[in-house]
Structures are given as C-alpha cells and as structure tokens.
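Work through the exercises below with the sequence and the model open. Each task is followed by a solution in steps.

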Amino acid sequence: MSGDDTIQLEIDDITSHGSGVGRSPEGRAIFVPRTVPGDDIRARLTDERSSWARADLVEIVEPSPDRRAAPCALYDVCGGCQIQHVNYARQVAWKADRIREALARIGGIELGDIEVEPAESEYGYRNRVSFTLKRLRSGRVLAGYHELDRPGRIVDVHDECLLPESSIGPVWTALRARWGGRADRLPPGRELRLTLRAADDGVVLVVEGGRTGNEDARTAEWLVDEIEGLRAIWHRPDRSDRPMLLAGETSVRDRWFGEELALESSAFLQVNREGAHAVHRSVLGELGNPEGLRIVDAYAGVAGYGRRLARHGAEVVAIESDPVAARMARRDAPDGFTVDEGRVEECLVDHLPADRLVLNPPRGGVDEAVTDALSRVPIPRVVYVSCDPATLARDLSRLGDRYAVRRVRGFDLFPQTAHVETVVTLDARPDASATQAAPLEDSTLTP
C-alpha cells in the first residue's frame with residue numbers, strides 16, 4: 001500500500017453484482033465498483049477481511065478497451081445500474097461467461113460457448129420502475145434510487161433515468177410536480193415505494209407503505225385527473241395486503257405474447273417487453289409441437305405460455321399462487337386451459353405425469369420439493385426459464401443425472417445491470433422413466 005493509502009490493481013474479472021475484481025500482491029480478492037476487466041486503477045480500501053476486501057475507485061491509470069463513458073448524469077452516485085460504464089458488447093459477453101461459470105461451479109455442468117441474445121435497445125426498455133420516496137425531517141422529499149455506496153440514502157431522480165419506456169418519464173415528472181411540498185397528496189408515512197407500470201392504455205401507479213387516510217381517494221382522483229397518461233393509483237400499506245384502488249381504472253389493456261390482457265395492479269410481467277417476447281418464442285420452440293400433449297405451466301403468472309399452448313391444441317394446467325395473476329390468467333381463457341391456484345411445490349405432484357413442463361420461478365429458484373418430484377416422475381421435456389444463474393445451477397444439480405441438458409440460451413433483458421435471463425432445455429434420460437416420448441423436434445410455433 002502506498003503512502004496516500006491507495007493500492008494499484010489490475011482488474012481481471014466482474015462479480016455477479018457488477019463490481020470489478022483485482023488481486024492484491026498477497027493474492028487477496030479486492031472488489032471495486034465501476035471498474036472493468038482490463039482497467040489499471042488506483043483504489044482505496046474501505047472494508048478489509050482475511051481473504052477479500054472492498055475498495056472505492058480513486059483513479060483510472062489505464063482504461064480497459066471495454067470501458068466507456070456512462071451516459072447517465074447520475075451514474076457516479078446512483079445504484080440503479082451496475083455496468084453502464086461497460087461497452088454493451090462486453091456486457092453481453094460477460095453475461096454469457098456468468099451463466100457458463102455458474103453452471104460449472106455450482107451445477108457441475110461443463111459447457112462450451114453460450115449464446116446470449118442482446119437486447120433490442122440498451123435504454124428505454126423498462127415498462128416498470130420502482131422509486132423509493134423518503135420524507136426527511138428537514139421537510140425535503142427525496143424520491144429515486146438508492147445511492148451506490150450508501151444504500152440508506154436516496155438519489156433524487158427527476159428525468160435523468162434512461163431505462164424506463166418513454167411513456168413513464170412524463171408521468172413521473174408530472175407526479176413530482178403535483179404531489180405537494182411534502183408529497184402530501186400521496187399516503188402519509190416516512191417512506192413509500194412508488195412503482196409505475198406502462199401499458200397500452202397508459203401508466204398505473206402503485207404506492208406501497210404508509211397509511212390510508214380519509215382524503216386519499218379524493219386526492220388520488222385529483223392526481224389522475226391532473227396528470228396526463230396516469231390511469232390509476234393503487235395503495236398497498238403493507239406488502240402482505242392486497243392493493244386497494246384509490247382512483248382510476250380497475251385494469252388497463254396491454255398486449256403480451258399475442259394475447260390482449262386486462263392488467264391489474266400487482267400481476268407480474270417482465271420489465272422488458274421486447275426481451276420477454278424473445279424468451280417466449282424460444283420457450284415455445286423448445287417445447288415442440290404441443291398438439292395433444294399434457295403440459296404444466298408452473299409459476300405461470302398470467303400464463304403467457306400456457307394460454308398460447310392451449311390455443312395450439314395442448315391440455316394445459318397453469319400453477320400460480322398469486323390470486324391477481326391467477327384471475328387474469330383465467331379471464332377469456334381458451335379451451336383446454338385451467339389454473340390451479342396454489343404453490344408449485346404443493347400442487348405439481350397432482351398434475352404428474354405430464355408430457356412437458358415449463359418452470360419460470362422467481363429469483364430464488366424452485367423449492368427442493370419440485371426437483372424431488374421431477375426426479376421421481378421424470379417429464380420427457382422440461383424448459384426452465386431462470387433470472388438467476390446461481391439458483392438455476394443449484395436446481396439443475398438437484399436433478400442429478402435424471403435429465404440431460406439439451407440447450408442453454410441467454411437473453412439480455414436487463415442491459416446496464418448485472419442480471420441475465422436464461423432458458424435451459426432438459427430431456428429426461430432414456431433410463432429415467434418407464435415410458436419415453438418420441439424424439440422431440442424443434443417447432444416453429446410462435447406467438
């Protein structure tokens with residue numbers, strides 16, 4: 001370490017959270033945000049442990065050829081993006097490396113090169129954004145993302161963020177201008193979470209946290225009337241509560257996966273609609289011709305996969321625990337499609353055996369009861385859609401040698417962040433089940 005309390009490092013890797021990694025002279029891993037493999041830097045240690053340390057970037061001595069100037073004016077302080085300073089082609093290549101390394105290290109699955117499909121747009125792709133609003137004792141109101149180095153603090157975001165779809169920005173700007181000096185036209189409380197979702201009909205605001213006051217409905221109606229493009233305001237005082245409509249329309253229309261949907265407040269959909277459609281096409285292709293097959297769509301959400309497969313002749317059961325999403329999935333459902341409202345780990349065994357299974361779990365992956373069931377009653381083909389390579393690799397390792405990995409593809413649904421979506425196709429091995437389906441052919445079925 002030098003006399004000015006900094007250390008010089010060569011960055012040679014990126015962590016799953018987007019920080020660069022260098023090695024101290026004694027071999028200790030040092031994690032430095034906002035650095036790129038190939039950077040030669042000076043950094044100041046901030047948190048030292050026996051085998052690793054964290055540090056802040058002080059100076060770029062020699063930049064990596066993969067480094068670029070981040071276009072966001074708030075990037076130096078905002079924690080909303082992790083890798084905006086990395087050339088986009090390198091972002092995509094790194095995500096392919098991340099999938100391959102997780103499968104090898106955690107899952108024991110050695111693969112060659114993995115294809116990751118780039119996003120159509122690096123920016124302006126999010127149809128849903130969430131901001132944290134804090135009312136400070138000084139009387140100020142801050143609303144935006146958590147700070148990079150001090151996550152307890154909030155970076156105030158006006159119109160600087162480059163990630164939301166174009167319809168969200170004007171609504172957010174107008175909401176800030178009209179919510180009052182202490183954001184008094186929003187539910188009272190020291191901290192709120194404000195989520196804006198864009199649809200064909202306009203933008204919906206969901207407020208989480210705070211208390212419901214007697215005037216909330218009246219002020220919410222005023223905001224909906226005053227703000228062009230704002231179609232509804234919902235409030236959920238606690239995450240365990242069902243959202244309450246304060247003003248506006250109960251649902252808004254949007255088109256997903258070839259289906260016209262009436263979206264309600266809390267139903268989950270991917271934040272990147274173009275990327276979600278690319279994943280959707282891939283999953284349908286991997287499932288093959290669905291006509292006459294029995295298919296389970298697990299962690300179904302609004303059942304974009306299941307509804308489309310039923311329209312092409314499959315008998316489909318969608319499993320979904322969220323009552324709002326389950327209700328949306330049932331609405332105007334095609335023949336041959338049913339919804340089992342419950343947890344996948346509790347419901348799946350009731351629908352086995354099946355010919356195909358789609359697994360699309362949240363970031364935590366599937367419960368061990370699910371992989372146990374699939375080991376006991378193998379399904380000829382499983383398509384697993386994952387948003388976290390580590391939990392994906394863990395789940396595949398739990399399946400042991402009952403399934404063979406047929407194909408792995410990545411999709412960059414989250415440019416400028418460390419996240420990546422992965423689609424893995426699994427075929428039951430010939431000795432894993434008493435009855436085997438005929439060889440599977442790729443399908444041209446698309447939305």
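**Exercise 1: a helix and its cover**

What covers the buried residues of α1 includes β1 (7–14), β6, α9 (389–398), β21 and β22. The model is predicted, so local features need pLDDT of at least 70 and side-chain atom pairs count only at pLDDT 80 or more, while totals for chains, interfaces and linings use all residues. Residues are numbered from 1 along each chain as its sequence is written, and side-chain values use heavy atoms, with hydrogens and water left out.

Task: Find the span of helix α1 and list its buried residues.

Solution. 
1. Helices (H or I, at least four residues) and strands (E, at least two) are DSSP runs, numbered from the N terminus.
2. Helix α1 covers residues 88–105, which is 18 residues.
3. From first to last C-alpha α1 reaches 26 Å, close to the expected 26 Å at 1.5 Å a residue; the expected span is 1.5 Å times one less than the number of residues.
4. Buried means under 20% relative accessible area, exposed over 50%, partly exposed in between (1.4 Å probe, protein chains only).
5. The buried residues of α1 are Tyr 88, Arg 90, Gln 91, Val 92, Trp 94, Lys 95, Ala 96, Arg 98, Ile 99, Ala 102 and Leu 103.

**Exercise 2: strand β7**

Solution. 
1. Two strands pair if DSSP finds at least two bridges between them.
2. β7 and β8 form a hairpin with 5 residues between them, and Gly 139 in the turn has a positive phi of about 105°.

**Exercise 3: Leu 261**

Task: Is Leu 261 buried or exposed, and which residues does Leu 261 touch?

Solution. 
1. Leu 261 is found in strand β15 (residues 259–263).
2. Its relative accessible area is 5%, so Leu 261 is buried.
3. Contact means heavy atoms within 4.5 Å.
4. Not counting residues up to four places away in sequence, Leu 261 touches Val 252, Arg 253, Asp 254, Trp 256 and Val 302.
5. Leu 261 and Ala 329 are 68 residues apart in sequence and 8.7 Å apart in space, C-alpha to C-alpha.
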